[in-house]
Amino acid sequence: MDWKFLLGLELDDPGFDFSVLSDFRARLIGHGLEEQALDLVLARCSELGLLRAGGRQRTDSTHVLAAVRTLNRMEFVGETLRAALEALAAAAPAWLSSLVTADWAKRYGTPIDSYRFPKGDNVRQEWAEQVGRDGFTILEGVHAPGAPAWLREVPAVQVLRRAWVEQYHHDGEGVRRRKGKDLPPGRRRLSSPYDPDARYSVKRGSG
């Protein structure tokens, strides 16, 4: 009704189908006129004093949420390794069974949730480092000379490799978790093993 009033139309005017807008947009783009139309609108708005030159530019996009569960660091590394093990168990069960032990089923047989973690900072640190060692065992296994080359191309294994580079040190001193200052910035760091494009950020106090 507001648009009919603005355009001077009768209230019972049937208007137009929404698909007309899509056709109009396609014609603008097809003839390269999209910038011309925008410039005309901006020029007219400036004449009417609705726009001023200069000032601060800003974006006001809405929050975009990934369809994944928010994971803390321990949950993330555990679930990333579990996802890789699930993929390898489906793709190469015989190869995987020769590499892992029964203890792995206890650690990674169910989804990783923080409420199942052992109590105490030292014990949790040991758990996280054990996960790191297990992850490097898988990565070294898929890159071993006798391993099928296609194993390293499994998407979950590629996510595991990238996550372990971001989360762990692996050198002559063993496997250690990176400290917070050594982690990549949030815009580059993986947040979920199931959606490599997902990132964690905060906007106006909302995570």
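In this predicted model, the largest nonpolar core comprises 34 residues, and those with the most contacts inside it are L81, W95, V131, I138, W164 and Y168. At least two residues of this core come from each of α4, α5 (93-97), α6 (102-108), α7 (121-142) and α8.

Helix α4 packs against both α8 and α7, as set out below.

| Helix pair | Angle between axes | Axis distance |
|---|---|---|
| α4 (residues 73-91) and α8 (residues 155-167) | about 155° | 9 Å apart |
| α4 and α7 | roughly 30° | within 10 Å |

With an angle of about 155° to α8, and angles over 145 degrees counting as roughly antiparallel, α4 is therefore roughly antiparallel to α8. The crossing of α4 with α8 is left-handed. On the α4 side, the contact involves R73, F76, V77, T80, L81, A83, A84, A87 and L88, while α8 contributes A156, V157, V159, L160, A163, W164 and Q167. Classified by type, the contact of α4 with α8 contains 13 nonpolar, two polar and one charged residues.

The axes of α4 and α7 cross at roughly 30°, so α4 is roughly parallel to α7. This crossing of α4 and α7 is also left-handed. Here M74, V77, G78, L81, L85 and L88 of α4 meet R124, W127, V131, D134, G135 and I138 of α7. The contact of α4 with α7 consists of eight nonpolar, two polar and two charged residues.

W164 of α8 takes part in the contact with α4. Leaving aside residues up to four places away in sequence, W164 touches V77, T80, L81, V131, G132, G135, F136 and L139. W164 is also among the residues with the most contacts inside the largest nonpolar core, as are L81 and V131.

Conventions: Residues are numbered from 1 along each chain as its sequence is written. This is a predicted model: local features need pLDDT of at least 70, side-chain atom pairs count only at pLDDT 80 or more; totals for chains, interfaces and linings use all residues. Side-chain values use heavy atoms; hydrogens and water are left out. Axes are lines fitted to C-alpha atoms, for helices over the stretch in contact, and angles run from 0 to 180 degrees between N-to-C directions. Helices (H or I, at least four residues) and strands (E, at least two) are DSSP runs, numbered from the N terminus. Angles under 35 degrees count as roughly parallel, over 145 as roughly antiparallel, 65 to 115 as roughly perpendicular and the rest as oblique. A crossing is left-handed if the near helix is turned anticlockwise from the far one by less than a right angle, and right-handed if clockwise. Contact means heavy atoms within 4.5 Å. Ala, Val, Leu, Ile, Met, Phe, Trp, Tyr, Cys and Pro count as nonpolar, Asp, Glu, Lys and Arg as charged, and the others, Gly among them, as polar. A nonpolar core is a set of buried Ala, Val, Leu, Ile, Met, Phe, Trp, Tyr and Cys residues joined through side-chain atoms within 4.5 Å. Buried means under 20% relative accessible area, exposed over 50%, partly exposed in between (1.4 Å probe, protein chains only).
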